[in-house]
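Dear colleague,

I am passing on the structure below, and after it I set out what was found. Please read the notes beside the structure itself.

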Amino acid sequence: MSGPSLMDSLFQRTLEDLIKGLRQQLIGEQAFISKALEEIRKEIKSTDLSTKSTALLKLCYLSNLHFHDMSFAAFHALEVLSSPRFSHKKIAYHAISLSFHDSTPVLLLITNHLRKDLTSTNEFEVSLSLQCLSRIANVDLARDLTPEVFTLLSSNKLYVRKRAVAVVLRVFEKYPDSVRVCFKRLVENLENYDPQILSAVVGVFSELACKDPRSYLPLAPEFYKILVDSKSNWISIKVLKIFAKLAPLEPRLANRVVEPICDLMRKTGAKSLLFECVRTVVTSFSEYESAVRLAVEKIREFLVDEDPNLKYLGLHALSIVASKHLWVVSENKEVVIKSLSDPDPNIKIESLRLVMAMVSEHNVAEISKVLVNYALKSDPLFCNEILGSILSTCSRNVYEIIVDFDWYVSLLGEMSRIPHCQMGEEIENQFIDIGLRVKDVRPELVRVARDLLIDPALLGNSFLHRVLSAAAWVSGEYVEFSRNPLEFMEALLQPRTSLLPPSIMAIYIQSAFKVLVFCLHTCFVRGGSTAGVSASASYESFDDLSVENGADSTVAHGQTCTSAPITNESIVNLLKLVELALSPLLGSHDVEVQERARNLLGFVDLIKLEALNSSGQEENDSERKGVEATKIIRLVHDAFSKELGPVSLTAQGKVPVPDGLTLNENLGDLETICGDIELPSSNTFSFGYPSEEKDVSSFSNLQIKEDSGQSNESTSLLAEHRKRHGLYYLPSGKSEVISNDYPPANDPALQGDNNDNASDLVKLTAESLVPKRKPNHSKPRPVVVKLDEVDEKPVAVKQLESRDDSLSGAVRDILFGSEDILPTSSRSNLPNSNRKGKKKQHMITQVESKENVVDDGNSSSRRRKDHSHGKERRHRKKNAEERNETDRKEKESSSNHPRRHKSRQRAEEPLKVPPQTSVIPDFLL
Amino acid sequence: MGIRFILMVNKQGQTRLAQYYEWLTLEERRALEGEIVRKCLARNEQQCSFVEHRNYKIVYRRYASLFFLVGVDNDENELAILEFIHLLVETMDRHFGNVCELDIMFHLEKAHFMLEEMVMNGCIVETSKAQILTPVQLLEKTS
């Protein structure tokens with residue numbers, strides 16, 4: 001490809017032309033851009049630096065705003081960088097800052113350019129290169145340029161120095177050993193009175209302190225001074241951030257700092273600074289009662305402000321306080337609850353969090369009720385936000401705050417019916433979990449499941465399918481608690497179940513199987529084979545069962561008295577219903593559905609004869625077969641009656657692997673084996689149906705001829721069923737669209753009493769937050785099965801990143817260690833990692849030896865302090881003055897010798913100070 | 001890090017300026033800007049200026065047709081960032097004289113330069129309008 005001609009450079013499009021062209025959009029944006037990119041690719045190869053830099057500038061524009069890759073121009077940017085003209089250099093630096101990153105191949109070629117510009121006499125060139133370094137520095141750049149940055153840290157041009165300070169953060173981060181070289185100068189800049197420098201250096205320390213606060217404790221006096229003296233709110237905010245990190249580590253420091261912060265809070269007019277004070281107090285000074293009270297006062301001002309920003313922040317601050325001082329939330333509960341209906345979703349969510357923080361075992365029922373009403377009125381997003389937080393709060397620590405599980409289970413049912421509810425999965429899990437864990441709640445659970453299953457409207461809502469699957473499972477598993485199992489059968493087999501996805505359909509069929517077996521068992525085994533098994537029989541059977549299960553049967557006694565009788569006739573109807581509902585499913589696409597339907601129908605075939613015979617009062621003829629059927633029923637019933645328990649998360653791991661078994665040995669072959677097998681579903685669907693049907697009939701050794709009379713009977717049954725449960729049946733001619741014809745299950749329009757929710761909630765929380773004795777619950781909290789493993793928290797292995805580790809290690813070396821680690825003159829020969837390791841050891845031994853002498857020697861502690869504050873004499877003097885001044889303030893002027901006083905204090909209470917803090921010099925006085 | 005990125009987006013959702021203080025690939029940037037713009041532009045004047053996004057938050061403010069969006073760490077002071085945005089707008093206003101979207105479009109590199117004067121490495125280093133503008137104007141004179 002030939003380079004651009006002179007004509008090309010003469011008529012080169014400038015950036016302005018490019019932008020104008022983009023705005024006119026004569027040929028469409030994409031076409032225009034690709035044309036421009038083509039030009040740029042040509043122009044950037046030009047030997048004329050002006051042309052090249054203009055091309056680069058255009059490329060930056062397209063990359064920055066139109067997401068076009070500019071990595072191809074990396075080397076060209078370096079070429080432009082070598083231009084003597086400042087304007088070119090500026091463009092090049094701009095391009096490099098935008099596009100270079102750690103894996104840019106030409107990154108290291110820039111080192112010499114940067115070094116040259118860093119040592120330039122033109123402060124703007126220095127500034128540009130520092131700016132660039134702060135964006136692209138990697139380990140190598142940081143290491144190679146540390147000496148230059150070190151020099152600039154004490155530059156007499158403030159403009160340059162402040163940038164050098166800001167760049168140090170990146171250099172430290174990438175190359176921790178640079179701390180040994182630069183840290184002292186960085187600290188010296190803390191002494192600077194120029195607000196420009198101070199703002200930069202405080203910014204750097206606030207970032208550093210975020211990562212590892214403990215290392216910076218020795219600098220507390222300097223920070224304290226800045227806090228007290230600072231006139232700039234920007235700086236004060238940053239210093240407050242530092243103290244928020246340092247104060248929890250050192251109670252004596254907190255004691256000193258809390259008063260100035262409160263002063264600041266009272267005096268300042270700037271909301272940003274005020275909020276920072278508040279946040280600092282509530283996060284790190286929460287044990288100082290008076291400070292917290294002051295902060296809470298300010299929070300209240302924020303909360304009642306018209307400005308949504310302040311309101312949001314007020315709520316945010318409250319949620320920080322809530323963990324330690326719940327009374328603050330209850331004091332402001334009116335505002336919090338009013339915010340639940342704020343127009344801003346962010347504010348609503350904050351206030352919801354706060355309301356949930358107020359929930360306790362005494363008020364959970366009332367608050368949940370009101371919140372559910374809020375959910376009914378809210379938009380779908382917030383509605384689910386509410387439901388989600390109710391669910392997670394209530395299930396916390398294995399349903400810690402739930403006493404009345406009957407109530408909670410019906411709440412779950414109620415929540416599923418909320419129109420916008422999308423929490424199906426969570427509700428499903430809790431339904432099953434509670435069923436497994438809490439025995440006493442099962443009758444109520446079955447009742448709730450019945451209400452859900454029997455409502456055909458719910459089947460149309462795909463978000464509810466998961467809930468329905470749980471309800472179906474519950475109905476099958478705990479059918480013995482049901483008042484009327486026949487009702488369950490009808491619900492599980494209703495025509496609208498065709499709206500369910502196959503996986504849930506399969507659960508429905510399996511549950512129907514369980515319910516059917518239960519009915520048959522009740523009728524034929526428990527009640528004998530005589531006709532007309534009545535309520536008492538089913539009652540008895542239930543009683544026996546529950547005794548078997550070892551459950552407390554007293555609760556259930558009253559309920560089963562009203563159960564509907566299971567007669568032979570109803571059994572016959574039931575069998576017909578099963579056949580009618582499941583026969584179409586034999587041709588289902590889904591293997592699971594097909595399989596389970598086939599199981600159930602096979603079973604029906606097995607026992608049908610006896611049922612029919614009994615209904616026909618011909619016991620004698622079928623005596624032999626009847627006995628056989630009873631045996632089958634008993635067998636299947638026994639198979640289903642084994643109770644399922646909760647399974648520990650780690651259960652799988654506990655199973656020992658048998659000797660000689662390699663678990664993934666043959667998995668590789670699996671694919672080849674499976675590859676040979678044809679998909680069964682398509683087979684079955686196309687022509688498998690008739691043959692399979694034959695299989696079934698041969699499998700059941702009861703040969704039944706379906707005569708016309710029976711089929712007539714079944715159709716008349718169907719008609720009767722349709723008459724009784726007309727609602728369940730689809731109107732002819734329509735299929736899927738039906739779901740919309742039903743009114744929403746829980747129409748908010750029907751709920752008239754929602755208006756005074758807010759006041760209700762206020763009242764409730766007011767009542768519940770007043771400490772009172774535990775109310776007498778009508779029944780004791782049922783036993784909740786817990787597994788040991790569930791309560792075990794995963795052990796959080798604290799893994800510091802090696803980089804941070806080495807950074808803070810280096811900082812500690814400088815601050816706690818002695819000066820002989822790095823003589824200032826040795827800055828040219830940088831310490832390598834090998835030396836560093838040795839020094840770390842050295843430092844540790846030093847620290848230990850210091851700890852030993854702390855208790856017995858004044859002199860040693862004094863020397864130590866001299867080490868740690870081994871800075872210029874001027875600095876120390878100033879510090880001493882400051883200390884004296886503060887001493888006077890504290891009216892401790894009895895001792896003019898702060899140091900002696902300090903060591904005395906140290907000697908008096910050596911045990912109170914944890915070993916870690918003993919290496920920290922006494923900067924607090 | 002403090003400030004993670006600064007975006008200026010017009011009300012049609014077109015990015016007018018993007019400054020990142022941590023490296024993101026073009027694809028990551030495109031996705032991020034799309035998400036943020038969708039989230040923030042949908043909000044109205046009565047709603048607060050803070051939006052939680054992923055593991056950080058966005059402080060934004062609208063001036064005429066232009067949204068200024070700043071992504072910051074969670075413990076950054078939101079109100080201070082709002083003040084910072086205002087300072088940025090005032091600075092540009094002083095320089096361009098009644099600044100508008102077009103000024104930023106046609107002087108993108110100058111806007112970047114001003115930002116670089118104010119923010120370095122994600123930390124705010126300069127907050128005085130005069131100090132920010134001195135080098136900008138000096139360079140304008142020389143070139």
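**A cavity and the contact between the chains**

The second largest cavity holds about 160 Å³ of space, where a cavity is a set of points on a 1 Å grid over the protein atoms alone at which a 1.4 Å probe fits but cannot get out, and the volume is the space filled by probe spheres set on points joined across faces, edges and corners. Of the 16 residues lining this cavity (those with an atom within 4 Å of a point), the closest to its centre are A:Trp234, A:Ile237, A:Lys238, B:Glu76 and B:Ile124. Helix 14 of chain A gives the most to the lining, with four residues; helices here are DSSP runs of H or I with at least four residues, numbered from the N terminus.

This is a predicted model, in which local features need pLDDT of at least 70 and side-chain atom pairs count only at pLDDT 80 or more, while totals for chains, interfaces and linings use all residues. Residues are numbered from 1 along each chain as its sequence is written, chains are lettered from A and ligands numbered from 1 in the order in which they are written, and side-chain values use heavy atoms, with hydrogens and water left out.

Turning to the two chains, 62 residues of chain A are in contact (heavy atoms within 4.5 Å) with 54 residues of chain B. The area buried between them, meaning the accessible area (1.4 Å probe) lost on being put together and summed over both, is about 5100 Å². In chain A, A:Phe67, A:Trp234 and A:Asn309 lose the most area to chain B.

Seven salt bridges (a side-chain nitrogen of Lys or Arg within 4 Å of a carboxyl oxygen of Asp or Glu) are counted between chain A and chain B.

With regards

Definitions and conventions. On a 1 Å grid over the protein atoms alone, a cavity is a set of points where a 1.4 Å probe fits but cannot get out, and a pocket is an open set with protein on both sides within 12 Å along at least five of seven lines; lining residues have an atom within 4 Å of a point. Helices (H or I, at least four residues) and strands (E, at least two) are DSSP runs, numbered from the N terminus. Buried area is the accessible area (1.4 Å probe) that two parts lose on being put together, summed over both.
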